[in-house]
Every structure is written in C-alpha cells, then in structure tokens.
Amino acid sequence: MGTMAASDFDEYYDKITEYCLKAWDSDSVEDVVELATGVMDMPGHPLHYPTHHYLVPAVMLTAARKDQGHEREVLERDLAEALERARNVPGGSCGFQGACGAAVGTGIFWSIITDTAPVSEENWADTNRATGKALLTMAEYGGPRCCKRCSWLALQSVVPDAKKKLRLHIHAGDPQCNFYEDNKECLEERCPFYPEDKVDKNNDDSAQK
C-alpha cells in the first residue's frame, strides 16, 4: 500500500460543508451526533483523517445557527471560517501534541459562535474550557486514537454547556459504532460506543472458555 498523499481525502472537507448545508435545508440538525454520523457514513470518507477536526465545529455550528434562527448565509460564513481554522490543526496532533483535533474543534465552534478573540475575557475562558473538557473526556478512555470515538465524545462533551450557556436547543445522542470492523486499533469493550450486542457476545465467548 502506497503512502497516502495529503490531498487524497481533501475533497471531504467540501463534502462536509455540502452535507451540513443540505441538512440545514432539510431541518434535520438538532442531534449533532446523528448529523456527524451521517457525514462519517458518506461513501469513501476516511476512518481516520483531519477532516474530523472540521467535522466537529461544522455540525455544531449547523445545529446552533439553525436553532438561533439565522439566515443560511450566516452558516455559510461560519463554516468557511471553521474550515480555515480546522485545517491549521495537523493530523496526529492527539499523539504528537496532546491535543486531539476533534477536541480543538469544540473550541473552534465556541470561538466562532461567541465571537471570541485572543483578547476576549469571559468568552476566552469558555472557549478554552470547551477544548479542555473534550480532551479530559477523551483521556478517560485512553488510546490509541480513533477519530470516530473522539468526534462523538467531543460533541457529547460540549453540548451540555452549549445548552446551558448559549441557550441552544440541541442534542447529542449516544451512537453505536458501525466502524469498528475497519479499525484495527479499536478499543472494543473499552469504547463507550462499541455495539452492545458485540459486548454481550464477547462476554459469552469469554465465559465459555
């Protein structure tokens, strides 16, 4: 298998934007985990890739701006800004820099939705707190990396504060993963999203040995 070029999956950045705008038009945007999973299920979307750094703020902004009643142009502007920022978060940052890009994605969302800048006061704290909370949530489960697991955990970590502090009526469901068979590094039973029927089967197999 040859070395993957940096641009092999770059088309999916635009596809994420297109997916979010289509969801906006259809009003199916309240559950951000469901929206993110729909993106993940797109044919050819990679199992692990920096597109997930954009995926997290993209679905959060889509749900938030819809709930706030903004025009579609506002979301288009925000997605463009989120994409520019997310593409500055390198692949492998979870292991090489101790800052998973999906967690940084929650900070990108919070920064954009609250118009936070480096010189902001209260919103600066909340923006960094969003990223920190996501990182701590991910750390509870350990490694190795999984872009699906970390994206879902990032979304679940940021939604409660978005509902409380931003008064957003959005939701983060509890998915069951259908990507585990393709992930040779899957945590299996240690992952909160590993299918329940697989956990039960593995437990039964272990009891019979």
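This is a predicted model: local features need pLDDT of at least 70, side-chain atom pairs count only at pLDDT 80 or more; totals for chains, interfaces and linings use all residues.
## Helix H3

Let's start with H3, which covers residues 51-68, 18 residues in total. From first C-alpha to last it reaches 26 Å, close to the 26 Å expected at 1.5 Å a residue. Most of this helix is tucked away: 15 of the 18 residues in H3 are buried.

What follows H3 in the chain? That would be Gly 69, with a positive phi near 80 degrees.

## Aromatic pairs

Ring pairs are described by two things, the distance of the centres and the angle of the planes. The model has seven aromatic pairs. Take Phe 9 and Tyr 12: their ring centres are 6.4 Å apart and their planes sit at 50 degrees, so this pair counts as tilted.

Now for Tyr 13 and Tyr 54. Their ring centres lie 6.5 Å apart with the planes at 40 degrees, so this pair is tilted too. It links distant parts of the chain: Tyr 13 belongs to helix H1 (residues 11-26) and Tyr 54 to helix H3, 41 residues apart.

## Charges over rings

Tyr 13 has another contact to look at: Arg 87 lies over the face of its ring, 4.1 Å from the ring centre.

Elsewhere, the charged end of Lys 148 sits over the ring of Phe 179, at 5.0 Å from the centre of that ring.

## Cysteines

How many disulfides does the model have? The count is zero. A disulfide needs sulfur atoms within 2.5 Å, and Cys 94 doesn't get there: its closest cysteine sulfur, in Cys 100, is 5.6 Å away, which is too far for a bond. Cys 94 is partly exposed, with a relative accessible area of 37%.

Cys 100 has its closest cysteine sulfur in Cys 150, at 4.2 Å, and that is also too far for a bond. At 12% relative accessibility, Cys 100 counts as buried.

Definitions and conventions:
Residues are numbered from 1 along each chain as its sequence is written. Side-chain values use heavy atoms; hydrogens and water are left out. Helices (H or I, at least four residues) and strands (E, at least two) are DSSP runs, numbered from the N terminus. The expected span of a helix is 1.5 Å times one less than its number of residues. Buried means under 20% relative accessible area, exposed over 50%, partly exposed in between (1.4 Å probe, protein chains only). Rings of Phe, Tyr and Trp (its six-membered ring) pair if their centres lie within 6.5 Å; planes under 30 degrees apart count as stacked, over 60 as edge-to-face and the rest as tilted. A charge sits over a ring if NZ of Lys or CZ of Arg is within 6 Å of the ring centre and within 35 degrees of the ring normal.
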